[in-house]
Amino acid sequence: MMLSTSILRLKASAFAPSPKGLRSRRRALNQNARIGRLMEGVSLWLAVLLMLFVHPLYAEAMPASDDTAGMLHFVDGQGQWQAPALALDSEFDIRVTGLIADTRLVRRFRNTSDQWQEGVFVFPLPEKASVYGLTLTVGERTIVGKVQPRAEARQTYQKARDAGHHAVNVEQQRPNLFTTRVANIPPGETVSVELNYQQPVRYQAGVFELSLPTTLTPRYMPGAPLVDEPGRWQAGWAIPTSAVADAGAISPFTVTEGDVAAGSHRASITLAIDAGLPLATVSSPTHQLQTSHNGQTVTVRPEHGDILMNRDLVVRWQPLAGREPTAAVFHQNWQGEDYLMAMVLPGKAGKMDLPRELVFVIDTSGSMAGDSIRQAREALQRGLQTLSPQDRFNVIQFNSQTHALFMAPVPASGNNLARARRYVAGLQADGGTEMAPALALALEANRQEEEASPRVRQVVFITDGAVGNEAALFGQIRQQLGDQRLFTVGIGSAPNRHFMREAARWGRGTYTVIQDPADVSGPLNTLFRAMESPVLTDIEARWPGQAAETESFPARPGDLFQGEPLIQVVRGVPAMGIFRVSGRLPGGESWQQTLDLQQASAGTGLHRHWAREKMDSLLDQATVGGEAVDKARITELAVRHGLMSPYTSFVAVDTAPARNADTRLHTESVPTLLPAGSQPGMLRYPQTATVAPLLTALGLVGLMFSMAMVLLQRRAWS
């Protein structure tokens with residue numbers, strides 16, 4: 001027994017590791033443990049990162065509803081891009097008479113496929129456009145549209161579409177953004193949709209200007225995503241959010257010229273200008289023009305024929321020196337009622353002597369990448385040059401976050417200006433367009449320091465306006481403005497002019513749009529001269545025999561700036577008597593001008609312009625008073641004057657059936673073109689038709705979690 005025990009001990013001692021071997025094994029175990037813990041950490045972090053990556057993929061791979069299934073026709077079964085089945089041609093025929101431009105816009109939808117198609121096209125119009133006519137043409141058949149309450153028009157269209165009839169529906173999404181739906185376009189055929197609209201001609205600093213938008217910059221949709229409601233009319237890349245409930249209706253796909261059919265998305269344009277006075281020049285900062293004269297009428301066309309619909313067309317004309325209008329009046333009798341439009345231009349005024357406090361706000365979001373951010377930096381640098389030593393200033397930039405150069409406005413000293421110039425020169429464009437915090441900081445920054453000597457507080461807001469929550473921003477400006485003034489500078493080849501104009505109106509300032517990258521200083525010089533002092537304040541306009549029921553717009557004219565005219569339209573006043581305008585000049589002296597209404601020229605479309613102004617005033621009244629919008633009154637006005645509005649739409653239906661009920665109808669969202677000068681990051685393609693990226697990512701996430709679990713189990717058993 002003792003011998004056996006000794007033998008066992010000898011065997012154990014023979015197989016037992018030496019002290020040196022024990023130390024090596026212990027080091028190896030510690031190293032393996034460290035590697036295991038490292039792998040656990042890496043696996044868990046990769047899993048978290050992949051989950052963040054999967055979220056947008058999941059959003060892109062979400063199955064579309066029945067109404068939006070046609071969006072996937074842009075992509076084949078392998079997820080490869082295919083040209084849209086619908087090609088788009090546009091024809092603009094514009095006639096300018098005095099201060100009103102009347103446009104006949106024809107859209108032709110060509111079905112290049114062998115399937116019946118429904119086309120959905122989201123497109124911009126001028127910010128003050130009044131749409132008053134719709135005509136549908138299919139072959140030899142012509143159907144005239146009519147205005148109906150929005151829900152009724154939509155129901156009429158859907159019923160006709162499902163029954164196989166040719167039909168078209170046009171809705172207003174924003175004052176400058178509309179949607180056309182065209183049902184039952186036959187294979188290989190073309191359907192034409194004609195829109196008639198009018199817009200006021202802008203006049204400032206001796207120059208008339210007309211803008212013709214052809215595309216739009218993709219808009220940022222702030223807010224938390226909402227669960228999409230089935231059955232909603234949605235045909236865009238964005239989903240509804242808490243701040244932009246109709247995001248899907250204002251987010252058309254944005255592609256390049258090479259992504260659409262050859263020759264598609266081009267426009268022919270003819271503009272006839274009858275300004276009522278001889279013109280010195282007709283020019284464009286966006287396109288080369290060809291002009292011809294016939295008496296006082298000037299016909300304008302793009303020099304190279306049809307234009308690509310990837311930038312706004314802007315046309316400007318200037319009267320001969322010494323023939324600039326100082327006053328003008330136009331008259332129309334419509335359905336037994338008189339309508340008058342008057343324009344009065346005050347004289348020039350000197351500069352203000354009071355020191356200023358300027359806050360420059362620059363948009364550095366992703367939509368500004370490319371030419372836009374370069375123009376914006378140049379505009380801000382130009383603004384810094386206008387500061388004098390007695391002024392104070394600050395610079396705020398915003399994208400997904402808001403950042404101010406200084407904690408508060410600082411004196412415009414040499415050192416502070418040099419620091420600001422370096423800061424502005426280094427700004428780059430990236431991220432989202434969270435505009436509300438930037439507005440709040442800018443308007444609050446101007447109030448932070450109260451001084452014994454008053455300062456004129458001004459905010460210069462430089463942006464492309466590519467946001468979907470305009471109404472909320474206008475309300476914010478109205479609430480936070482106080483005694484300040486907000487001036488907007490539009491940047492890019494397709495800025496949101498509606499936002500620029502309305503933000504400046506609520507901010508009691510003016511707006512400027514820079515269209516020519518080679519001439520940034522020209523429009524800015526006009527803007528900064530206007531900022532030096534209002535020409536006229538405390539304005540009062542009186543029409544002859546004006547009674548309590550007489551309505552003129554704007555009801556309370558705001559201050560006028562350098563080169564800016566007062567334009568008023570009134571209903572119910574005959575072309576007799578004297579129109580009087582009075583106000584106060586910067587020095588405090590009174591100013592007055594009269595206009596003989598018997599000298600009125602014949603005008604067209606004045607009743608529509610009045611109705612549009614009346615509807616806008618009702619919307620403003622609800623905003624200011626925090627009350628419900630008088631939808632019934634707006635609808636009644638729109639139907640009577642044959643206008644589109646937020647609550648009325650145009651619809652045209654052909655009574656003859658075209659498509660058999662058993663033949664499938666495909667829906668396609670016609671894209672818009674990427675604005676010229678924008679970066680490829682602003683492209684918004686339809687989502688892929690397969691969920692392969694989602695499945696791949698989910699597989700990787702599962703693999704990472706599995707590795708982490710295995711390592712954790714091994715650690716627990718060790």
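## Isoleucine 94 and the cores

Let's start with isoleucine 94, which touches Ala101, Asp102, Thr103, Leu210, Leu212, Ile269, Thr270, Leu271 and Ala272, leaving aside residues up to four places away in sequence; contact means heavy atoms within 4.5 Å. This is a predicted model, where local features need pLDDT of at least 70, side-chain atom pairs count only at pLDDT 80 or more, and totals for chains, interfaces and linings use all residues. Residues are numbered from 1 along each chain as its sequence is written, and side-chain values use heavy atoms, with hydrogens and water left out.

Ile94, Val96 and Trp317 have the most contacts inside the largest nonpolar core, which has 73 residues. A second, separate core of 36 residues includes Val424, Ala429, Leu527 and Phe528. Such a core is a set of buried Ala, Val, Leu, Ile, Met, Phe, Trp, Tyr and Cys residues joined through side-chain atoms within 4.5 Å, buried being under 20% relative accessible area (1.4 Å probe, protein chains only).

## Helix 4 and helix 9

Next come two helices (DSSP runs of H or I, at least four residues, numbered from the N terminus). The axes (lines fitted to C-alpha atoms over the stretch in contact, with angles from 0 to 180 degrees between N-to-C directions) of helix 4 (residues 371–385) and helix 9 (residues 521–531) come within 11 Å and cross at roughly 40°.

Terms used. Buried < 20%, exposed > 50% of the residue type's maximum accessible area, 1.4 Å probe, protein only.
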